[in-house]
Amino acid sequence: RPLYVAGGGSYVHELLTIVGADNCAGDLDAAWPTLSEEALVQRAPDVVLDASTGVEAGVDAAAVVRRWDAYPTLPAVRRGRVVAVSSDALFRPGPRLVEAVGELERLLFGEGASDE
């Protein structure tokens, strides 16, 4: 199962930049490159937003999060910062850009983040 990440050429990377987050795959030029498990561990993300729930029909969000337990050395896993995401606003550019930015801020920085 390839691990697709939001690279520097993606809409998601642009959203991460807008909210002031550092995309650990932002240096990759392709929009949706794949990473090996070794490269993932080396990049050591603080937060993982797993969008596979949006593409895998019938997959339980908690089950998606539990899959990441296979990577106990990742800071995101150790800190419980793996989130299953199925938002169309985050993955489809369009008029809901403001909604997508607010949602991403809440996912990364917590409730009330977009109220500041």
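Tyr-4 lies in strand β1, residues 3-4 (strands, E, at least two residues, and helices, H or I, at least four, are DSSP runs numbered from the N terminus). This is a predicted model, in which local features need pLDDT of at least 70 and side-chain atom pairs count only at pLDDT 80 or more, while totals for chains, interfaces and linings use all residues. Residues are numbered from 1 along each chain as its sequence is written, and side-chain values use heavy atoms, leaving out hydrogens and water.

With a relative accessible area of 53%, Tyr-4 is exposed (exposed means over 50%, buried under 20%, partly exposed in between; 1.4 Å probe, protein chains only). Together with Trp-32 and Phe-91, Tyr-4 makes a nonpolar surface patch of about 330 Å².

## His-13 in helix α1

His-13 belongs to helix α1, which spans residues 11-18. The residue is buried, at 18% relative accessible area.

Beyond its neighbours within four places in sequence, His-13 is in contact with Gly-7, Gly-8, Asn-23 and Gly-26 (contact means heavy atoms within 4.5 Å).

## Arg-96 between α6 and α7

Arg-96 is placed in the loop between α6 (88-91) and α7 (97-109). Its relative accessibility of 41% makes Arg-96 partly exposed.

Apart from neighbours within four places in sequence, Arg-96 is in contact with Asp-88 and Ala-89. Arg-96 and Pro-2 are separated by 94 residues in sequence, and their C-alpha atoms are 29 Å apart in space.

How values were computed: Patches are made of residues with over 30% relative accessible area and no salt bridge: like charges are joined within 9 Å, nonpolar side chains (Val, Leu, Ile, Met, Phe, Trp, Tyr) within 5 Å. Accessible areas come from the Shrake-Rupley method with a 1.4 Å probe; for residues, only the protein chains shown count as cover. A salt bridge is a side-chain nitrogen of Lys or Arg within 4 Å of a carboxyl oxygen of Asp or Glu.
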